Amino acid sequence: MRLSTVKQIAIPSNLVFFRSLLLNPKSIGAVAPSSLRLSRFIAARVGSGNGPVLEIGAGTGAITRELLGSAIEPGNLFVIERDARLAWFLRQRFPGVVVRCDDALHCGQILSAHGVRSVQTVVSSLPLRNMEPARRDAIVEAMLNTMGRNAQLIQYTYTPFCPIPLKRFDLAAECLGRIWTNLPPATVWRFVKRR
Ligand SMILES: C[S@@+](CC[C@H](N)C(=O)[O-])C[C@H]1O[C@@H](n2cnc3c(N)ncnc32)[C@H](O)[C@@H]1O
């Protein structure tokens, strides 16, 4: 792990997470930050390609930390988090990473503003199942539009059911595994465009 990229900061992640959870439970959509096991499982599946990686709904940065601890360069990682306190926390924790406090819906414009046309992987912690279908679909569409050729979307859920309507987006889905030690247990999905 690059020390210049990940800072030890005085406020514990759990405290920051629970404060945001109390203020906005539906938008946070989880009872705790992602476990180390889940975070490492996801980071290991992002791979070490040279392309940019987009992380959406990064919360306190449990997965961000593991992405940086794998082969992802900080300059290749773009993070979007809508909660202002969490976005502030992420900026303190990961000084070398672009963290934007914004809605996932704007991910394409955010990447363009940084000169990025497409990414190799989107990692999403978004609580898709808490969203109205029309809003969920608009966000999924926006995420898919950022993906280059052979790119993947990695998304986890707390139910075993696929969180994205595959036919509507012409996607192929693979269930990568279930992490029982996460709170609550999480199922990790990989989505790729069929063409
Ligand atoms: C399940 S939590 C993230 C957990 C995270 N992996 C961690 O370890 O802290 C989901 C996150 O998505 C963020 N979020 C929800 N809706 C969003 C949206 N439309 N755009 C960007 N972020 C959003 C929430 O603020 C929350 O931090």
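Predicted model: local features only at pLDDT ≥ 70, side-chain atom pairs only at ≥ 80, totals over all residues.
Setting aside neighbours within four places in sequence, Ile-164 is in contact with Leu-128, Val-140, Leu-153, Phe-169, Leu-171 and Phe-191. Show those side chains too, and keep them on screen for the next stop.

**The nonpolar core**

Ile-164 belongs to the largest nonpolar core, which has 27 residues. Ile-164 is among the members with the most contacts inside this core, together with Leu-54, Ile-56, Val-122, Leu-126, Met-143, Leu-153. Now colour the elements that give two or more residues to the core: strands E1 (53-56), E2 (77-80), E4 (119-124), E5 (147-157) and E7 (186-193), along with helices H6 (107-113) and H7. Which element gives the largest share of this core? That is H7, with five residues. Apart from this core there is another one, of 26 residues, including Ile-72, Ala-87, Val-99 and Tyr-156.

**Helix H7**

Select residues 133-145 to pick out H7, a helix of 13 residues. From its first C-alpha to its last, H7 reaches 18 Å, close to the 18 Å expected at 1.5 Å a residue. Which residues of H7 are buried? They are Arg-136, Asp-137, Ile-139, Val-140, Ala-142, Met-143 and Leu-144. As you look along the helix, keep this in mind: an α-helix has 3.6 residues a turn, so residues three or four places apart point the same way.

**Aromatic rings**

Next come the rings. The count of aromatic pairs is three, and we will visit two of them. Select Tyr-156 and Tyr-158: this pair is edge-to-face, with 5.8 Å from centre to centre and 65° between the planes. Tyr-158, with a relative accessible area of 25%, is partly exposed.

Move on to Trp-189 and Phe-191. Why is this pair stacked? The ring centres are 6.3 Å apart and the planes are at 20°, and planes under 30 degrees apart count as stacked. Trp-189 is buried at 10% relative accessibility, and Phe-191 is buried at 0%.

**Charges over rings**

Select Phe-41 and Arg-45: Arg-45 lies over the face of Phe-41, at 3.6 Å from the ring centre. Then select Trp-180 and Arg-178, where the charged end of Arg-178 sits over the ring of Trp-180, 4.8 Å from its centre.

**A loop stop**

Select Gly-96, in the loop between helix H5 (84-93) and strand E3 (98-100). Gly-96 is partly exposed, at 43% relative accessibility. Leaving aside neighbours within four places in sequence, Gly-96 is in contact with Pro-74 and Gly-75. Gly-96 and Val-122 are 26 residues apart in sequence, and their C-alpha atoms are 19 Å apart in space.

**Zoom out**

Finally, show the whole chain as a cartoon. The chain has eight helices and seven strands. Its radius of gyration is 15 Å, close to the 16 Å that the globule rule gives for 195 residues, so the chain is as compact as a globular protein of that length. Along the principal axes, the C-alpha atoms fill a box of roughly 45 × 35 × 25 Å. Buried residues make up 50% of the 195 residues. Of the contacts with a separation of 6 or more, 68% are between residues 24 or more positions apart.

Technical notes:
Residues numbered from 1 in each chain as written. Heavy atoms only, no water. Helix = DSSP H or I, 4+ residues; strand = E, 2+ residues; numbered from the N terminus. Expected span 1.5 Å × (residues − 1). Buried < 20%, exposed > 50% of the residue type's maximum accessible area, 1.4 Å probe, protein only. Core = buried A, V, L, I, M, F, W, Y, C linked by side-chain atoms within 4.5 Å. Contact = heavy atoms within 4.5 Å. Phe/Tyr/Trp six-rings, centres within 6.5 Å; stacked < 30°, edge-to-face > 60°. Lys NZ or Arg CZ within 6 Å of the ring centre and 35° of its normal. Rg over C-alpha atoms; globule rule 2.2 N^0.38 Å.
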